[in-house]
Amino acid sequence: SSSERHVLDLPESPPVRMEECGTGRTGRRPVSASTGVWETSGLPRQDYTAVDVALHYPREMNLPWVTDLPEWPPVPALGKPPVDWRRQVLFLKDDDPANPAYLLIRDSLKGGQPTMWQMWTVSEKIGTPEEVKDLAAFLKDKPGHQIRPARELKGDRFTAIGQLDVDVEYFIASPAGTPRHTLRWGTNMIDWANPLAQPEYQDLLHLQMPGDGAYFVAFFPRKRGCPVPAFSTLGDGTILRVSGDFGTDYGFLSAEQAAAAGEGVAFRGTAASVQNRKSGSVLALGAKGEVRYEAYGLAADSAASLRIGEKELTVELPEKVMDGDKTLQPMVPRPGGKVTLIAPGNWALAEPLTGVKLTKSANGFLLEIPAGLRAVALVR
């Protein structure tokens, strides 16, 4: 009914449905939160960031948002703060921008409260892979510039049919066995005051959990003519496997230090990936940890990656790192450090570099790299 109250959540908003705030016509931000960047790093084939949000207590913030949102999907209960939320985002990419690049998003919640997770896409409609196989039939009743009420979705795989022949593939690695919904909303106004040249309508993917746990979702944009990738999980749900005509990727995310393994890959830490693509294999750490793939391995106290070639290995490092282990630390040039490599055979520096030292040991190869140097190549 129109008397029910909703929270207007946008993609960047906390994924927590808290106690009722606002009316069905006026949106209000319902909670006060403290936010801090926990970790961030950028590498040629992987970017990573982690943010902590502490939702402390309700505080109404009246904003002049007049909306005609449909009724929100039903939830079993409304949560109450405090709730701790850690968001981790892994962006896997390729040297060729025409090749697949996509997001893995893991939102971990503690506090024993029911929560909801939401993502909007500017799209025509959301459906299951089976429904969108016959695209013409699926879009025959596309709503266009019309609001549509919430409807339940079944499964863990969904496709948002987008604009300009670009779709989004969703894979929900977790939670399992919880309700999924979509609804459609849009407007022909901007800031609820000025008309848009083109009305904008979006489809919502709405997930929920009754208590503590993690939302782990792959968000994979794809040109409509390209093959649809396959998704699965390994390592008790902390490893997300994505495979297609480009090769096979393994993305690992954990809110706390953890170890996981499967299919010849092994991870220890909080964020890492293995890309076994046509262009070659890359092991990457988003933060302190270890990653193994078959006979190769990489360990470091901060972000680093290892490109594997037939006769050459390349260690790549981020340009900047966070200064310290507290939140809201500035990014500073990366200081010197050490990287441990595991690789079969004998390796040497491709060329002498000032301050670079390579030492072989029983555990592999120890590579000392000075500040400012972004890449070091080794040859057999």
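A charge is said to sit over a ring if NZ of Lys or CZ of Arg is within 6 Å of the ring centre and within 35 degrees of the ring normal. In the predicted model described here, the charged end of arginine 86 sits over the ring of tryptophan 38, 3.4 Å from its centre. A second case involves lysine 125, whose charged end sits over the ring of phenylalanine 138 at 4.3 Å from the centre.

Because the model is predicted, local features need pLDDT of at least 70 and side-chain atom pairs count only at pLDDT 80 or more, while totals for chains, interfaces and linings use all residues. Residues are numbered from 1 along each chain as its sequence is written, and side-chain values use heavy atoms, with hydrogens and water left out.

The secondary structure comes to two helices and 28 strands; helices (H or I, at least four residues) and strands (E, at least two) are DSSP runs, numbered from the N terminus. Of the 380 residues in the protein, 48% are buried. Buried means under 20% relative accessible area, exposed means over 50%, and partly exposed lies in between (1.4 Å probe, protein chains only). The protein exposes about 17,800 Å², and carbon and sulfur atoms supply 52% of this area; accessible areas come from the Shrake-Rupley method with a 1.4 Å probe, and for residues only the protein chains shown count as cover. Among contacts (heavy atoms within 4.5 Å) with a separation of 6 or more, 62% are between residues 24 or more positions apart.

Side chains of opposite charge can pair when their charged atoms come close. A search of the whole structure finds 20 salt bridges, each defined as a side-chain nitrogen of Lys or Arg within 4 Å of a carboxyl oxygen of Asp or Glu. In one of them, aspartate 156 pairs with arginine 180, and the closest N and O atoms are 2.6 Å apart. Aspartate 156 lies in the loop between strand S7 (148–153) and strand S8 (157–162) and arginine 180 lies in strand S10 (residues 180–190), so the pair ties together parts that are 24 residues apart in sequence. Aspartate 156 is partly exposed, at 33% relative accessible area, whereas arginine 180 is buried, at 3%.

Aspartate 165 forms a salt bridge with arginine 224, with 3.0 Å between the closest N and O atoms. Aspartate 165 is in the loop between S8 and strand S9 (166–174), and arginine 224 is in the loop between strand S12 (213–223) and strand S13 (230–234), so this bridge ties together parts 59 residues apart in sequence. Aspartate 165 is partly exposed at 48% relative accessibility, and arginine 224 is partly exposed at 26%.

Elsewhere, salt bridges that share partners join Arg45, Asp94, Asp95, Asp249, Arg277, Arg307 and Glu316 into one network.

A pair of aromatic rings is described by the distance of the centres and the angle of the planes. The search finds seven aromatic pairs; rings of Phe, Tyr and Trp (its six-membered ring) pair if their centres lie within 6.5 Å, with planes under 30 degrees apart counted as stacked, over 60 as edge-to-face and the rest as tilted. Tryptophan 72 and tryptophan 120 form a tilted pair, 6.4 Å centre to centre with 55 degrees between the planes. Tryptophan 72 is in the loop between strand S2 (46–66) and strand S3 (83–92), and tryptophan 120 is in strand S5 (residues 115–121), 48 residues apart. Both tryptophan 72 and tryptophan 120 are buried. Tyrosine 170 and phenylalanine 219 form an edge-to-face pair, with 5.6 Å between centres and 75 degrees between planes. This pair links S9, which holds tyrosine 170, to S12, which holds phenylalanine 219. One aromatic cluster is formed by Tyr102, Phe171, Phe220, Phe231 and Phe246.

Some backbone features were also listed. The peptide bond from proline 81 to proline 82 is cis, with omega near 10 degrees, and proline 82 lies in the loop between S2 and S3. Another cis peptide bond joins serine 174 and proline 175, with omega about 5 degrees.
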